[in-house]
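Q: I have a structure open and would like to go through it with you. Can we take it piece by piece?

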Amino acid sequence: MRRVFIEDIEPGMIIARTVMGADGRPLLTQNTPLTASYILRLRAYGVGSIYIKDGFSDIEIPEVVSTQVLNAVSNQLRQSMETFVVRRNFDVGAMKKSVALLIEDIMANRQVLIQIDDIRSYSDYLLLHSINVAILSIMTGLSMGYNESNLMDMGLGCLLHDIGLISIDPSLLERPEELNANERQQLNQHPEIGFNILRHYREISTTAAHIAYQHHERVDGLGYPRQLTRRQIVEYARIAAVADAFDEIISDHPYRRGYSITEGMTILRSLNRSHFDGDVVEAFSLNIAIYPVGSLLRLNDGMIAVVTSVNRRNQFRPLIQVIADAKGILLIDNYAIDMSKERDVQIVHRMSESEAQEVKENIAARRKHIAVG
Ligand SMILES: [Fe+2]
């Protein structure tokens, strides 16, 4: 399967991953062939990209958090936020249950890595962004040896880290790159607003409330709102800052396409030395697949293989399917290799997105040729 941006979507393409709607129900389900009217619907809905089947890397990818839990948490969070807007109060108990559900799934799927670019519509950004920051932070916390009570505490703060945005004009969020000084100043108030909301809840620890206050601070003192430096920023917020930045980089926005997780990791590492806590970035990166499922690899015998499964225990030796020869000609008898067992097989390099695209198009054209011939 491959990610296609909305401008390049064509009728007849087959959906490889269900596109979720704002209410947690599927907008278009897996295996649906796209029609012109479906494409219009996706556009109207603010979906920036989707996954389509490409015929040879359409592999089921294990999820860190099940769709069921994701839906339950997103419904609960939506309700809480709606109630909050009206009554200025939310049910922290229900929120804690959501965090517990996330932790339970993440711990049960501890071998699973983040290996797929997350796709969602712009309209759900705040909701799904909050959940993603919680998931990524919990995974990072686990890699740093956090116990369950720390994970709960931090997870709750992460789920609510952007709660201050509720008081900010939503149109500012859609064009952050072109805000004037006044608008920028308004937007930059959301951490403090959020902190002032959260600190009134006895069930939320002061440290967790500081995630809202400090998630835009940077260890080099170049963040906001208070230009704190490393030692002044609580560890929870140093973790949330990395998760928040990464999720922002890989998401589609009205003003910019999302980057892939591999590109996202490269960008994060390049900012690492100055902006983020290096130890946190290291712990974070342990949870992101180096060779995500579906990526194309060049092997030491020249052959081309696609990654079919990865495991945290042995990230550099995934399960692969050899699909083409050195010239990119599709093998009639493709075969699987478990690299953790066959030690002679080496990965020379992972193909760049454009290189992989070329190989995939070549293979698709040859397939068509064979079918016609
Ligand atoms: Fe924020």
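Q: Where does proline 225 lie?
A: Proline 225 is in the loop between α8 and α9. Helices (H or I, at least four residues) and strands (E, at least two) are DSSP runs, numbered from the N terminus.

Q: What kind of peptide bond joins tyrosine 224 and proline 225?
A: A cis one, with omega about 5 degrees. In general, most peptide bonds are trans, and most residues other than glycine have a negative phi.

Q: Before going on, what sort of model is this?
A: This is a predicted model, where local features need pLDDT of at least 70 and side-chain atom pairs count only at pLDDT 80 or more, while totals for chains, interfaces and linings use all residues. Residues are numbered from 1 along each chain as its sequence is written.

Q: You mentioned phi. What is the phi of glutamine 227?
A: Glutamine 227 has a positive phi of about 50 degrees, although it is not a glycine. Glutamine 227 is in the loop between α8 and α9.

Q: Is glutamine 227 buried or exposed?
A: Glutamine 227 counts as exposed, because it has 12 C-beta neighbours inside 10 Å. A residue is buried if 20 or more other C-beta atoms lie within 10 Å of its own, exposed if 12 or fewer, and partly exposed in between, with C-beta atoms placed from the backbone.

Q: And what about arginine 88, what is its phi?
A: The phi of arginine 88 is near 55 degrees, a positive value in a residue other than glycine. Arginine 88 is found in the loop between α2 and α3. With 10 C-beta neighbours inside 10 Å, arginine 88 counts as exposed.

Q: How far apart are the end C-alpha atoms of α9?
A: The end C-alpha atoms of α9 (residues 235-250) are 23 Å apart, which agrees with the 22 Å that its 16 residues should span at 1.5 Å a residue. The expected span of a helix is 1.5 Å times one less than its number of residues.

Q: What is in the loop after that, between α9 and α10?
A: Aspartate 252 is found there, with α10 covering 261-275. Aspartate 252 counts as buried because it has 23 C-beta neighbours inside 10 Å. From C-alpha to C-alpha, aspartate 252 is 24 Å from valine 112, and the two are 140 residues apart in sequence.

Q: Now α5. Which of its residues are buried?
A: Leu151, Asp153, Met154, Gly155, Leu156, Gly157, Cys158 and Leu159 are buried in α5. Helix α5 (residues 148-159) has twelve residues and reaches 16 Å from its first C-alpha to its last, close to the 16 Å expected at 1.5 Å a residue.

Q: What covers the buried residues of α5?
A: The cover includes α2 (67-87), α3 (92-108), α4 (125-143), α8 (206-214) and α9.

Q: Which residues touch the most other members in the largest nonpolar core?
A: Leu102, Ala134, Ile135, Ile138, Leu159, Ala240 and Val242 do, in a core of 78 residues. Domain 2 (67-285) and domain 3 (296-372) both give residues to this core, so it lies between them. A nonpolar core is a set of buried Ala, Val, Leu, Ile, Met, Phe, Trp, Tyr and Cys residues joined through C-beta atoms within 7 Å.

Q: What does alanine 134 touch?
A: Alanine 134 touches Val99, Leu102, Gly155, Cys158 and Leu159, not counting residues up to four places away in sequence. Contact here is for C-beta atoms, placed from the backbone, that lie within 7 Å.

Q: Which domains does the assignment give?
A: The domain assignment gives domain 1 (2-52), domain 2 (67-285) and domain 3 (296-372). Such bounds come from an automatic or database domain assignment. Taken over C-alpha atoms, the centres of domain 2 and domain 3 are 36 Å apart. Their contact takes four residues from domain 2 and five residues from domain 3.

Q: Last topic, strands. How do β5 and β6 run?
A: Strand β5 (residues 296-299) and strand β6 (residues 304-309) run antiparallel, joined by three bridges. Two strands pair if DSSP finds at least two bridges between them. Leucine 296 stands opposite valine 306 in β6.

Q: What is in the turn of that hairpin?
A: Glycine 302 is in the turn, with a positive phi of about 90 degrees, and four residues lie between β5 and β6.

Key: Two residues are in contact if their C-beta atoms, placed from the backbone, lie within 7 Å.
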